[in-house]
Amino acid sequence: MKQFYLSIFLTLFLFTCMSQSTKKLLEISPYSFFPIKSSQGMIRVLDSTILFTYNSSTLGWDPIRKTYVLSRHWGTDGWPNEMVRYDFEDNTWKSRYLFTWQFFPNQKIEKHVIKAYNSFLESFRDTLVFEHFNGYKDQFNDSILLSTISNYYDFNTNSISGGEKIISHMLTNSQYHEIISYGYNTATGNYDLNNYKISYEYTNNQLLQTKTTASWNASTAQYENNHRILYSYYSTGKIKSLTYQYMSSGVWLNNGKNHYTYNSNGYPETITSYSINSFNEFVPYYKDSFCYSPTGKVTLNYIFRWDDLQKLWVNYAKMSKTYNGDDSIKTVLYENWNGTNWIPNCRGTYTYNAQGKLIQYVEEQYNTITSSWEDVLKFTWQYHVTGQVEEHIIYTGSPLTPQFKETFSYDSYNNLNIHTNFFWDNMSSSWIPNDKLAYYWSDWNANALSEDPDVEITLSPNPVEDICFIRSSLPVCKIDIYNSMGQILLSKGTDNSLSFSFDLSELKPANYFVCFSFTDSSNKKIIRSIIKQ
């Protein structure tokens, strides 16, 4: 049954975030920060981070964990290529993991390996791979995962204790044929234990028709179907229905179905859910009905339940939303139907500053006994003059009481300097520090790009105002222009030329990357930087 307990949802979301905050601090990936450009092609890059926990006995900060960048990838604004994580134990820093990344030209991760430190051998184990993303197929600036490996490492025995390898077999560049999972076999040291597989079938129009999941049965030494989803479509290509089935005694039995309708603008108008009766027949269960603003924002969402006695849809719940002039959400209201009237359940109110940034969210629960609204949750934000978050506080309960606080400080380049977490102490009515993460940055020359010894490429002029001329020692079939965030801005086919030109007049003055694709069998790609004046 659908229920609108917004406060429960947000509270669970809040505690999930809080419980994962430390994890996020511990595992720093290239995408957890974005270098800030300064002048003359120099950018600020993250060198290291240190995680501290607050010691209430000494009233000081004890180091726990540290990450240090060993090398950088020159084509990604100095994002880490190698990074070591240390744990602070016995009054000294001890190596724990070695992180390595490889990138595609569009700056998507091609391969990410985490090697564990073997204390007996006093080295990182080359054979240990915690996560391995390999062989993305780039399709319209998107990617498809072809394989991934994840392992569990036992530091007591310095060995892999388990893991999984997932291999994707493709039908086309953008369509899966099968996804197969293998378990790690500690006896053989290989991924040779069959787990499950997901199979895909498509319509003549190349739309997904069936998605089937099967588990491996070790007794029969074969895959056995578990469940599947059947897809149907309107002539426009939009999904018409999803039918869920499960396998029982060699027969597919229906488990449920969703049916979709759309309005003239192509937005979902109704979503009808069906359950199964004792005769394995579809019977109506719930239905969502949507209303939209002129800009496509959901303003009303009615939920109806099926009354089997009356054979009709009856009111169940309702959600209403209002928006500001810039389409930012202003209020959200949840109501339940008591058989006669709509009874308020909970509501949320959003407040923004003059710059349009969210500064407060207040959630209220409706008290049916007193017929009044009571505060149960509040989030507040304060911002730095640069627009970055400087303080975030969470209040819960009735009356509202502080619970958690985050503070952020920045350096002169507007890069994150210190991120501190606090918990509220009711006894002292004060904030008690919990942990903090310190960031250490340095300058890095974005123009100091390595030259490929096999290919000679010249870009002239560089810096350029409009037209740039290219000469290459290897035939070029295509070039792509990327910004520092890895987004493709321009693409140009070059007919396998050794010399050609391209126009950058529509781009704003900034530093860009030019990715050259060649016609040789190695699928070589070379990146060069260019400055647009």
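Which residues of the largest nonpolar core touch the most other members? In this predicted model they are L459, C468, I470, F502, V514, F516 and I530, out of the 19 residues that make up the core. A nonpolar core is here a set of buried Ala, Val, Leu, Ile, Met, Phe, Trp, Tyr and Cys residues joined through side-chain atoms within 4.5 Å.

The model is predicted, so that local features need pLDDT of at least 70 and side-chain atom pairs count only at pLDDT 80 or more, whereas totals for chains, interfaces and linings use all residues. Residues are numbered from 1 along each chain as its sequence is written, and side-chain values use heavy atoms, with hydrogens and water left out.

**The chain as a whole**

The protein chain contains 1 helix and 33 strands, where helices (H or I, at least four residues) and strands (E, at least two) are DSSP runs numbered from the N terminus. Of its 533 residues, 39% count as buried; buried means under 20% relative accessible area, exposed means over 50%, and partly exposed lies in between, for a 1.4 Å probe and protein chains only. The accessible surface of the chain comes to about 28,700 Å², and 50% of this belongs to carbon and sulfur atoms; such areas come from the Shrake-Rupley method with a 1.4 Å probe, and for residues only the protein chains shown count as cover. Among contacts (heavy atoms within 4.5 Å) with a separation of 6 or more, 35% are between residues 24 or more positions apart.

Of the contributing elements, β30 gives the most, with 5 residues. When neighbours within four places in sequence are left aside, L459 is in contact with C468, F469, I470, V514, F516, R528, S529 and I530. Strand β30 also holds S472, which is buried because its relative accessibility is 9%, and the side chain of S472 reaches the backbone oxygen of L474 at 2.7 Å.

Strands pair if DSSP finds at least two bridges between them. Strand β9 (residues 147-154) runs antiparallel to β10 (residues 159-172), to which 8 bridges join it, and S147 stands opposite I167 in β10. A further 8 bridges join β10 to β11 (residues 175-185), again antiparallel, with M170 opposite Y176 in β11 and a hairpin of 2 residues joining β10 to β11.

D154 lies in β9 and, its neighbours within four places in sequence left aside, is in contact with S159 and S161. D154 and A116 are 38 residues apart in sequence and 9.7 Å apart in space, C-alpha to C-alpha.

**Accessibility of individual residues**

| Residue | Relative accessibility | Class |
|---|---|---|
| R65 | 17% | buried |
| D154 | 24% | partly exposed |
| C291 | 33% | partly exposed |
| C477 | 28% | partly exposed |

R65 is placed in strand β2 (residues 60-72), and a polar contact of 2.7 Å joins its side chain to that of D87. A polar contact is a pair of N or O atoms within 3.5 Å; within protein, one must be able to donate a hydrogen and the other to accept it, and residues adjacent in sequence count only if both atoms are side-chain atoms. For the cysteines, the count comes to 0 disulfides, a disulfide being a pair of cysteine sulfur atoms within 2.5 Å.
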